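Please look over the structure shown below, and keep the two ligands in view while you read. The notes that follow take the ligands one at a time and then turn to the aromatic rings.

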Amino acid sequence: MAAPMFRCFSRGRWFGSPGMSGVLFLGLREAHSGAQGLLAVQKARGLFKEFFPERGTKIELPELFDRGTGNFPQTIYCGFDPTADSLHVGHLLALLGLFHFQRAGHNVIALVGGATARLGDPSGRTKEREALGAERVRSNARALRQGLEAMGANHQQLFADGRPWGSFTVLDNSAWYQKQHLVDFLSAVGGHFRMGTLLSRLSVQTRLRSPEGMSLAEFFYQVLQAYDFYYLFQHYGCRVQLGGSDQLGNIMSGYEFIHKLTGEDVFGITVPLITSTTGAKLGKSAGNAVWLNRDKTSPFELYQFFVRQQDDLVERYLKLFTFLPLPEIDHIMQLHEKEPEKRGPQKRLAAEVTKLVHGQEGLASAKRYRMITEGGVSINHRQVTNPESVLVVGQHILKNGLSLLKIGKRNFYIIKWLQL
Ligand SMILES: Nc1ncnc2c1ncn2[C@@H]1O[C@H](COP(=O)(O)OP(=O)(O)OP(=O)(O)O)[C@@H](O)[C@H]1O
Ligand SMILES: N[C@@H](Cc1ccc(O)cc1)C(=O)O
């Protein structure tokens, strides 16, 4: 079967050798024939980075999302492995990518990798992941599912725009692997993968060259992710997989598998990797994750993380992490030029993200704490600036069991402590 041509170039330059599988880095005009298409808009915001494959398919990717073409609506998925008990800010970008599709009327699936997490994705890693036991993965998967469902609900309730949206569904791939018999799976699926292609993936090459080498479990990971895509294509009509740019190899394996079995084209879209100020990928491995579960990173700390962002990054983050329309972001940035000391864009960014992740109540609690760090709170006439500080009997709580609380300039409260 003839495979579509995958060419790699950026602004007219070629990467990789002709005939090699690859990805086209699109310019904005190339990303979509109609300038206002969903892909072009997200490309302009910087949220979508690579599209795969770009040419040689029966239906071209941008046409999939047009209401008028009979392809509407589509189903798009992104997977998250429960290798920890919470998602983090890096994951948020792919989730926002899903939400943008949902807002445009498409159906989206957030897939928890309850099965894949047991193997450990080698993509973007130089060392093998720490093996996780079945029980730990199950409890992480529960936590991830809860977090995804809570954000899906916040999105629906607090960011509605009056348009008819598509559905948001959370699934777990252990649902289809726990029924699989190993030998049946290998004979039905394994025969469709070529070793040469699997070995050529960057993730595999990097791990093979590492001193400890690569385990069979890790090597097999891309086969499971490819099969997930196939399963979701067959059962949910899912044609598009979204992921961080380190997921491209796994997405290509899915494309090749589905194309071989069905003759149909499916597509991959990547989002850029968010890095720390030192350039390291923000995530678990680098130990710099900013978590979305409030027990690991409080709403206040999440809010502060975004308030701290420097001026040269904040416009990019407003485009990536919020649903604010581009003209509104321009306006916020213009105001900022006049009054940079107010940190208006940073506060707006922090408020939008905290509301999506922790809801209205989480945002309110983050702001209450902010009042403390900015010196707006005093207890018994002493300013309190550390939100973590403990109330000390004798200092903050007087011997008669009372505290005098002052918030802002005019609000005074007398607190009576019933139990000390
Ligand atoms: N910093 C990031 N920026 C953008 N996307 C990210 C980031 N971190 C993870 N992702 C994406 O989220 C999904 C889940 O990734 P993964 O489980 O590898 O992340 P992680 O928890 O940061 O892992 P690691 O242990 O490698 O740090 C993938 O699509 C991945 O590309
Ligand atoms: N491989 C992805 C997670 C994932 C799992 C299963 C999938 O089908 C897709 C994606 C990661 O490590 O981040």
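In ligand 1, an oxygen atom lies 3.3 Å from an N or O atom in the side chain of His91. This is a predicted model, and every distance and area given here is computed from it.

**Ligand 1 and its surroundings**

- Besides the contact with the side chain of His91, ligand 1 has an oxygen atom that is 2.9 Å from a backbone N or O atom of Gly244, and a nitrogen atom that is 2.8 Å from a backbone N or O atom of Leu282.
- On its own, ligand 1 has 600 Å² of accessible area, and the protein covers 96% of that.
- There are 17 residues around ligand 1, and those that come nearest are Asp246, Ile274, Leu282, Lys284 and Ser285.
- When the shell around ligand 1 is sorted by class, it has four nonpolar, eight polar and five charged residues.
- At least two residues of this shell are supplied by α4 (89–103), and at least two by β7 (238–244).
- The space that ligand 1 takes is the largest pocket.

- The elements that give two or more residues to the shell around ligand 2 are β4 (75–80) and α10 (216–236), and α10 gives the most, with three residues.
- The residues around ligand 2 include Tyr77, Asp81, Asn173, Tyr221, Gln225 and Asp228, and by class the whole shell has three nonpolar, six polar and three charged residues.
- An oxygen atom of ligand 2 is 2.8 Å from an N or O atom in the side chain of Tyr77, while a nitrogen atom of ligand 2 is 2.7 Å from an N or O atom in the side chain of Tyr221.
- The side chain of Gln225 also takes part, with an N or O atom that is 2.8 Å from a nitrogen atom of ligand 2.
- Taken alone, ligand 2 exposes 340 Å², of which the protein buries 89%.

**Aromatic pairs**

- A search of the whole structure finds 19 aromatic pairs, and one of them is formed by Phe185 and Tyr227, whose rings are edge-to-face, at 5.1 Å centre to centre and with 80° between the planes.
- Because Phe185 lies in helix α7 (residues 182–189) and Tyr227 in helix α10, this pair ties together parts that are 42 residues apart in sequence.

Conventions
Residues numbered from 1 in each chain as written. Chains lettered and ligands numbered in written order. Predicted model: local features only at pLDDT ≥ 70, side-chain atom pairs only at ≥ 80, totals over all residues. Heavy atoms only, no water. Near = heavy atom within 4 Å. Polar contact = N/O pair within 3.5 Å; in protein donor to acceptor, adjacent residues only side chain to side chain. Areas by Shrake-Rupley, 256 points an atom, 1.4 Å probe, with all protein chains shown as cover. Helix = DSSP H or I, 4+ residues; strand = E, 2+ residues; numbered from the N terminus. Nonpolar A, V, L, I, M, F, W, Y, C, P; charged D, E, K, R; others polar. Phe/Tyr/Trp six-rings, centres within 6.5 Å; stacked < 30°, edge-to-face > 60°. 1 Å grid on protein atoms, 1.4 Å probe; cavity = no way out; pocket = protein on both sides within 12 Å on 5 of 7 lines; lining within 4 Å. Sits in = over half its atoms within 2 Å of the grid points.
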